[in-house]
Amino acid sequence: MREEISDMSEDDETGERARWAPDLSKNRSDDSDSGPGPPIGDSPPPFSDQVLENVLENVLEFLTSRRDRNAASAVCRSWYRAEAQTRRELFIGNCYAVAPHRAVERFQSIKSVVLKGKPRFADFNLVPFGWGAQFEPWVKSFGAAYRHLERICLKRMSVTDKDLTIIAESFPLFKDLTLICCEGFSTLGLAVIAERCRHLRVLDLIEDYLEDEDDEVVDWISRFPETTTSLESLVFDCVTCPFNFDALECLVARSPSLQRLRVNHHVALEQLRRLMASAPQLTHLGTGTFRSEVGFGEVDPNLDLVSAFGASRSLVCLSGFREIEPEFLPAIYPVCANLTSLNFSFANLTAEELNPVIRQCHNLQTFWVLDSVGDEGLRAVAESCQDLRELRVFPLDPTEDSDSSVSDIGLQFISEGCRKLRSILYFCQRMTNAAVVAMSKNCPDLVVFRLCIMGRHLPDRITGEPMDAGFRAIVMNCKKLTRLSVSGLLTDKAFEYIGCYGKLIRTLSVAFAGDSDGGLRYVLEGCTRLQKLEIRDSPFGDASLISGLPFYYNMRFLWMSSCNLSMRGCKEVARNKPNLVVEVIRDAVEEEEEEIEAVEKLYLYRSLAGARTDVPAFVKIL
Amino acid sequence: MEGEAPRLLDLIPKDRDWVGKGVCKVKNGIEEKLELRLGLPGEENEKEEKQSAKSAFSLSFSENVSKRTFLGSVVTNEGKGTERKASGAPPVAHGTRTINSSIANNSSQTITSNAPVVGWPPIRSFRKNLASSSNSKSPLETRDEGPVNGNKADSDKKGCFVKINMDGIPIGRKIDLKAYGDYDELSSAVDQLFRGLLAAQRDPLVNEKSGGENNQEIKGLLDGSGEYTLVYEDEEGDRVLVGDVPWKMFISTAKRLRVLKTSDLSVSSINTVSRKRAATDC
């Protein structure tokens with residue numbers, strides 16, 4: 001029952017969304033626990049009811065969606081018990097929303113755990129180091145309770161080598177470890193996993209930060225068992241330290257089930273060719289770099305590379321391409337027509353270099369690219385990839401006044417060519433309302449719209465107006481929209497529109513926008529499905545915070561940093577809502593009890609566990 | 001016109017709402033609006049909502065920052081005919097930034113809005129520094145803002161590879177500057193590199209590897225006498241004619257090479273060169 005995570009998704013929102021049905025009532029809390037349920041551990045039912053319960057359990061085995069399961073568990077005690085017995089996957093969207101022991105007491109037969117920790121803005125250095133989200137208490141509870149645990153997927157958690165060791169020691173059937181944006185572990189922990197998890201199928205390390213010192217790197221690749229392995233997926237492009245290539249080559253050769261392989265930047269084309277020769281059955285390949293190791297002119301591996309790609313008839317997803325030497329790009333032509341997913345977001349390519357490749361990728365559904373290709377490159381994408389569902393355009397130079405060569409023009413091209421677009425993330429320097437409106441009309445299937453105009457407060461490039469009109473069109477016309485990130489010059493009007501039309505929005509990201517408390521109030525009152533709200537550097541104050549009191553129990557979290565909040569307002573929220581944890585985070589702790597009235601960072605979330613006990617000094621729970 | 005300059009330097013406009021309304025409201029009583037007060041912002045809100053709940057003592061720097069940039073953007077909008085230090089033709093975005101920096105420089109109390117902001121743009125650290133030249137290894141991610149390039153030693157050992165692109169040829173190449181001893185060797189290497197490709201571009205039937213003697217030699221790269229001229233881009237991104245500086249200096253400063261059509265070299269690029277020459281002479 002593996003949750004389908006988009007291959008290259010930096011956050012697995014799409015995976016979550018695919019499994020959720022629309023909320024039927026505003027008051028339903030819909031993740032981790034299903035809210036206060038019937039008491040655990042009451043007396044067993046009479047015999048006839050027991051039979052019914054057995055039948056129910058058999059039926060509930062087929063229920064996989066956690067939304068549906070939460071609904072089923074709330075019917076009555078019998079259903080609650082049956083559901084708890086039959087749940088196999090535990091999803092906890094906020095590790096502090098419930099205590100480990102409580103989860104483990106309620107669900108006793110879990111095989112798969114998904115656990116998320118820090119707020120997303122931690123990715124952008126807004127959460128100080130040491131804030132929390134330690135995996136340790138969880139792994140200890142799981143280790144004691146879930147002998148049959150097979151899969152662990154963690155996102156933004158702090159994971160130590162010791163935790164990894166506990167995994168390896170506690171779960172004899174362990175198959176799948178996926179760590180996304182985690183930190184705190186090193187190659188030592190990886191070695192333990194490789195060595196001891198004999199049934200390992202998936203080891204996916206995605207955008208983690210490893211703690212290796214240069215001279216303490218462990219040769220973890222060599223630690224996999226010498227025999228044939230059951231590896232299906234090995235992703236380690238974020239493991240930046242060097243590794244034993246020969247050991248990897250042998251490992252790939254003795255892993256006949258291997259379908260996904262993403263290596264790090266210590267692999268050059270000559271080595272890539274060898275890996276591909278050992279594993280022609282690969283479906284997903286991350287090339288690491290895309291350069292020759294010997295430098296131009298000495299050896300031409302081009303021909304071999306072409307035949308290597310030619311032999312890989314199953315490839316549907318390509319990524320990597322760091323330090324790309326574009327003269328080798330033609331080697332991938334044989335697989336272009338089969339590709340559904342292509343990640344060029346580390347490849348500094350011009351439009352001319354992209355063109356011959358993208359022209360052949362008729363079946364592309366997911367495309368990540370750098371803005372170095374410019375509006376012209378996006379035109380080629382629009383003309384070639386009619387089936388595109390997800391586009392991400394990242395900035396080559398992520399500063400506010402860099403020479404980005406993508407703009408509203410590129411967005412317009414995409415909207416005209418890629419009508420089936422569902423998800424877009426677009427970084428640019430300049431934008432117009434007209435292009436955003438065009439996208440809203442041409443791409444009505446949009447579920448995710450994230451526009452980042454990197455210059456703060458920039459209005460429409462041509463008319464000089466705020467970007468209100470563009471976002472208004474998006475929320476009005478894209479009726480399936482569940483995730484929205486706004487940018488550019490925005491007044492409260494934009495939020496009025498979002499609150500009015502964005503009824504399905506679950507995740508909203510706001511930065512440097514709005515005029516007054518009214519803006520936030522519109523959103524809190526209007527977006528009835530809102531789960532995750534993250535705001536930075538916007539002029540929303542205590543009044544708006546307090547206006548959201550009726551809604552915070554329906555949300556997973558609210559993050560507000562560099563807004564106009566004060567301790568008075570935050571304390572009132574905390575006082576009013578006992579099941580909310582209200583964290584005030586400071587960057588540095590000056591003197592001991594000096595309390596500043598202004599709140600720099602606020603993170604509040606509903607929780608059954610109450611105030612956490614592992615707060616660092618710079619966090620105050622109100 | 002001049003009267004507007006002091007207004008720029010008055011700190012915070014009391015009313016931020018006029019940003020969305022266009023020019024006319026700005027002109028009415030703008031001096032009154034820009035008067036520095038500790039009153040509540042947004043009191044003359046077009047939406048009748050009183051913002052009285054707003055904290056009078058806003059300690060948030062970001063609000064000041066936002067207000068200044070609002071001011072900047074509106075003033076730029078209305079100032080199409082206005083003389084402004086560096087605005088003129090550039091798009092609104094540029095104007096905003098210029099004005100911000102002038103405010104920042106002149107104001108002692110406010111924080112410059114042009115200073116890099118933590119976590120903005122919202123890009124994870126491993127995606128930063130992709131713009132570094134292709135011969136350096138990808139930077140190691142760190143938790144701090146600045147990434148660490150851990151493999152500099154490797155690139156030194158390998159020589160000095162720079163990208164070289166030729167006009168009309170879509171795919172660029174890389175060459176090792178340290179492999180050559182002087183400009184003539186470099187010129188003939190460039191000729192070897194692109195001769196076949198150029199012939200293939202011109203006549204698609206020509207295989208780039210065959211008929212080496214029949215392909216036209218690319219001559220006169222250094223003296224402007226040929227159809228193409230060799231230029232390079234230095235650390236500052238300026239384009240300079242190849243051949244002016246001592247070879248050793250050239251190797252260390254050239255970041256990228258280009259083979260441009262001589263006819264395309266415009267007056268402005270020649271100006272760049274003479275300024276560069278003057279700079280190195282001094």
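Analyst: What follows covers the conventions, then aromatic rings, a histidine, a helix, a recorded domain and chain B.

Analyst: This is a predicted model, in which local features need pLDDT of at least 70 and side-chain atom pairs count only at pLDDT 80 or more, while totals for chains, interfaces and linings use all residues. Residues are numbered from 1 along each chain as its sequence is written, chains are lettered from A and ligands numbered from 1 in the order in which they are written, and side-chain values use heavy atoms, with hydrogens and water left out.

User: Which charges lie over a ring face?

Analyst: A:Arg472 lies over the face of A:Tyr497, 5.0 Å from the ring centre, and A:Lys577 over that of A:Tyr553, at 4.9 Å. The criterion is NZ of Lys or CZ of Arg within 6 Å of the ring centre and within 35 degrees of the ring normal.

User: Switching topic, where is A:His265 found?

Analyst: A:His265 is in the loop between β7 (260-262) and α10 (269-278) of chain A; helices (H or I, at least four residues) and strands (E, at least two) are DSSP runs, numbered from the N terminus. A:His265 is buried, at 4% relative accessible area, and its side chain reaches the backbone oxygen of A:Thr240 at 3.5 Å.

User: And what do the buried residues of α6(A) pack against?

Analyst: They pack against β1 (89-92), α5 (100-106), β2 (112-116) and α7 (161-170) of chain A, with contact meaning heavy atoms within 4.5 Å. Among the buried residues of α6 (residues 136-145) are A:Trp138 and A:Phe142.

User: What does UniProt place at residues 49-88 of chain A?

Analyst: The unreviewed UniProt entry places "domain: COI1 F-box" there, and over residues 49-88 the chain is 75% helix and 0% strand.

User: How many helices and strands are in chain B?

Analyst: Chain B has nine helices and five strands, and buried residues make up 45% of its 282 residues.

Technical notes:
UniProt positions renumbered as here; feature names shortened; annotations may be inferred. Buried < 20%, exposed > 50% of the residue type's maximum accessible area, 1.4 Å probe, protein only. Polar contact = N/O pair within 3.5 Å; in protein donor to acceptor, adjacent residues only side chain to side chain.
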